[in-house]
Amino acid sequence: MKKIYFLLPFVLLGCKSNISTVSEKTPKPTSESVEITYRVKQNDVSDFLKYLSSDELEGRETGTKGIEKAAVFLEDFLKKNNVKPYFSSYRDTLTNFKTPAFNIVGVLEGTDPVLKKEFVVLSAHYDHIGLDKTKGQKDIINNGANDDASGVTAVAEMAKYFSETKSNKRSILVVFFAGEEKGLLGSKSLVQKLKKQDFNLYAQLNIEMIGVPMKRDYLAYITGFDKSNMAQKINEYTGKNTIGFLPKEAEYELFYRSDNYSFYDVFKKPCQSISTFDFENFEFYHHPSDEFKVMDIQHMTSFIQEFLPAVTQIVTSPTEEIRMN
């Protein structure tokens with residue numbers, strides 16, 4: 001997640017006084033969910049996350065040898081799972097970074113001759129903040145397991161599911177962003193290219209920090225809760241209280257702090273991030289202790305499994321059910 005802690009005192013001062021008193025509200029499911037027989041494998045989740053957050057990748061800072069290894073790993077994963085490159089290759093070069101850096105972008109073409117012209121973007125950022133050069137530090141690698149190797153793992157597993165089931169009537173753009181920690185650079189660069197192509201965006205689900213569970217009566221929260229009906233529709237599609245409202249998300253304006261905002265800013269469509277980091281359940285934000293060993297693999301596997309019916313409905317509904325408010 002793009003650095004936010006230095007902003008918190010200013011955000012708290014600048015927010016309207018009534019925001020912090022908003023009660024947590026969870027939209028209730030109102031329609032039948034989609035039945036999914038496909039099972040996400042916990043070992044696959046574990047193996048993927050373990051490598052992406054390993055010391056070998058040295059914290060995946062954009063423009064370094066570590067993130068290059070991550071890029072190769074993600075390219076190989078997409079190729080192995082028959083997700084085709086969206087451009088001439090999987091690598092989408094950033095136009096706004098001083099040295100060569102790449103988003104990794106794949107596509108799963110929709111199966112419906114009409115709906116395939118519309119795109120759903122499934123995304124997460126695979127960069128992190130790299131090495132901690134502070135003197136005296138014993139562990140200098142910011143592995144970024146939760147931020148955001150966890151989100152990348154979820155998107156990768158969703159891509160594998162759709163590749164195997166071919167259940168997406170709409171086309172799916174699978175994006176792993178670089179440069180998020182540098183100021184959303186990867187998403188800002190890509191969205192301008194897509195705009196020039198008259199990219200027909202239906203919605204974007206960006207997955208951000210889902211490595212540990214919340215102690216709440218819902219699974220995750222969505223940024224910009226009131227900007228669209230996405231939360232309500234996801235709960236309808238899963239038949240559960242999958243998405244709830246987190247007051248701190250509104251306080252800190254997290255909608256503007258991840259790669260969903262770059263897409264919303266250009267397309268003005270439902271583009272939102274899903275997260276389980278609630279400022280109470282994880283103390284290693286941008287810290288060397290954000291490592292694989294503190295991730296809850298069972299939770300992550302269950303998270304991905306619970307989202308499959310929702311994402312399936314999003315990419316198959318005959319009409320555009322998710323709309324801006």
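1. Start with helices H2 (residues 42–52) and H3 (residues 65–80): in this predicted model, their axes come within 10 Å and cross at roughly 155 degrees. Angles over 145 degrees count as roughly antiparallel, so that is how H2 runs relative to H3. From H2, Phe 48, Tyr 51 and Leu 52 meet Lys 69, Ala 70, Phe 73, Leu 74 and Phe 77 of H3. Sorted by class, this contact has seven nonpolar residues, one charged and no polar ones.

2. Next, have a look at the second largest pocket, which holds about 200 Å³ of space. Its lining is made up of Asn 82, Lys 84, Val 107, Leu 108, Glu 109, Thr 111, Phe 162, Ser 163, Lys 166 and Asn 168. Strand S3 (102–108) and helix H4 (145–165) each give at least two residues to that lining. The class count here is three nonpolar, four polar and three charged.

3. Most peptide bonds are trans.

4. Two backbone angles deserve a check as well. Most residues other than glycine have a negative phi. Leu 184, not a glycine, has a positive phi of about 60 degrees; you'll find Leu 184 in the loop between strand S5 (171–177) and helix H5 (185–196). Leu 184 counts as buried because its relative accessibility is 2%.

5. His 286 also has a positive phi, near 50 degrees. The loop between strand S9 (271–275) and helix H9 (297–314) holds His 286. With 17% relative accessibility, His 286 counts as buried, since the cut-off is under 20%.

Conventions: Residues are numbered from 1 along each chain as its sequence is written. This is a predicted model: local features need pLDDT of at least 70, side-chain atom pairs count only at pLDDT 80 or more; totals for chains, interfaces and linings use all residues. Side-chain values use heavy atoms; hydrogens and water are left out. On a 1 Å grid over the protein atoms alone, a cavity is a set of points where a 1.4 Å probe fits but cannot get out, and a pocket is an open set with protein on both sides within 12 Å along at least five of seven lines; lining residues have an atom within 4 Å of a point. Grid points are joined across faces, edges and corners, and a volume is the space filled by probe spheres set on the points. Helices (H or I, at least four residues) and strands (E, at least two) are DSSP runs, numbered from the N terminus. Ala, Val, Leu, Ile, Met, Phe, Trp, Tyr, Cys and Pro count as nonpolar, Asp, Glu, Lys and Arg as charged, and the others, Gly among them, as polar. Axes are lines fitted to C-alpha atoms, for helices over the stretch in contact, and angles run from 0 to 180 degrees between N-to-C directions. Angles under 35 degrees count as roughly parallel, over 145 as roughly antiparallel, 65 to 115 as roughly perpendicular and the rest as oblique. Contact means heavy atoms within 4.5 Å. Buried means under 20% relative accessible area, exposed over 50%, partly exposed in between (1.4 Å probe, protein chains only).
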